[in-house]
Amino acid sequence: MPFETDDLKYIALENRDPSAEGHFVYCVKSTMICCRPTCYSRLALRRNIAFCKDVKEAMDKNYRPCKRCKPNIETGWNSSREMVIRACSLICRIASNGKKFVLDTLVEELKVSKFHFCRMFKNYTGLTPRQFYLKCKELKENPLKSKPLPIVETKKNLKRKKLLARNTITTECSSRNTLENSEACLSSSDTSSMDASLSSPGSNTEVTNDNESALEDLILQHQYFQEEANKDLEDLNWVDDFIEFLFFA
Ligand SMILES: [Zn+2]
């Protein structure tokens, strides 16, 4: 059984882990309010938190259901998800009628801001609205039929997924660079060896003296930007989203 101990439950709260949804609710002793594990309210101190099997048990203990995450409601409590589901069926209808997809018309019908919509849509479906439209055309049915949306998606969970994806990409890149590097050693061609030593500064690729100091500068710059990027990872995630919104929505 998942989330068996209170420690595991508390970790799930800290992570706003969507997979904890439905397994338990948590109660805040100081406010006498009970919440879903994914509630985006600020998390109370550990000593003020008690866990209950479900909202009924919590309410029997005189806790009131939170007005934000509405643990007392079974469906329709997650308005973002509802909005995305509605958008998906609208897009699907547009695709099956052979009509052109126009984002502005869609957000007008949904009465939401374009940026917020695109962000939520991507968070829940993993696709931009246009990509979803193309998928509908390709499958000739609503892709949600085979892959329903998650019950809830949280910022923290998305951040974790993005970090994971980023790490996978970095690992893939570095293994590719090692390969390029060894090829460069064999051929000792100057441009590719420059690239290779840039990505792995410790390599013993042959570089001409003229290039050496320029290369050192580049390596330092590269390291600096990498450190800065790590510091601002969250901001960069936001920038990623925005760029994607501008060009691919
Ligand atoms: Zn709540």
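This is a predicted model: local features need pLDDT of at least 70, side-chain atom pairs count only at pLDDT 80 or more; totals for chains, interfaces and linings use all residues.

Trainee: Which hand does the crossing of α3 and α4 have?

Mentor: Right-handed, as α3 passes α4.

Trainee: And which residues of α3 and α4 meet there?

Mentor: From α3 you have M83, R86, A87, L90 and I91, and they meet L106, E109 and L110 of α4. By class, that contact has 6 nonpolar and 2 charged residues, with no polar ones.

Trainee: OK, what about α3 and α5: at what angle do they pack?

Mentor: About 90°, with the axes 10 Å apart; α5 covers residues 114–125. Angles of 65 to 115 degrees count as roughly perpendicular, and α3 and α5 therefore fall in that class.

Trainee: Which residues make that contact?

Mentor: On α3, S80, R81, M83, V84 and A87; on α5, M120, F121, Y124 and T125. They divide into 6 nonpolar, 2 polar and 1 charged.

Trainee: Switching to the sheet, what's the strand order?

Mentor: β3-β1-β2-β4, in an open sheet of 4 strands with mixed pairing. The edge strands, each pairing on one side only, are β3 (49–52) and β4 (64–65).

Trainee: Is the pairing of β2 and β4 parallel or antiparallel?

Mentor: Parallel, over 2 bridges, with β2 spanning residues 33–35. If you want a spot to look at, I33 stands opposite R64 in β4.

Key. Residues are numbered from 1 along each chain as its sequence is written. A crossing is left-handed if the near helix is turned anticlockwise from the far one by less than a right angle, and right-handed if clockwise. Two residues are in contact if their C-beta atoms, placed from the backbone, lie within 7 Å. Ala, Val, Leu, Ile, Met, Phe, Trp, Tyr, Cys and Pro count as nonpolar, Asp, Glu, Lys and Arg as charged, and the others, Gly among them, as polar. Two strands pair if DSSP finds at least two bridges between them. Axes are lines fitted to C-alpha atoms, for helices over the stretch in contact, and angles run from 0 to 180 degrees between N-to-C directions. Angles under 35 degrees count as roughly parallel, over 145 as roughly antiparallel, 65 to 115 as roughly perpendicular and the rest as oblique.
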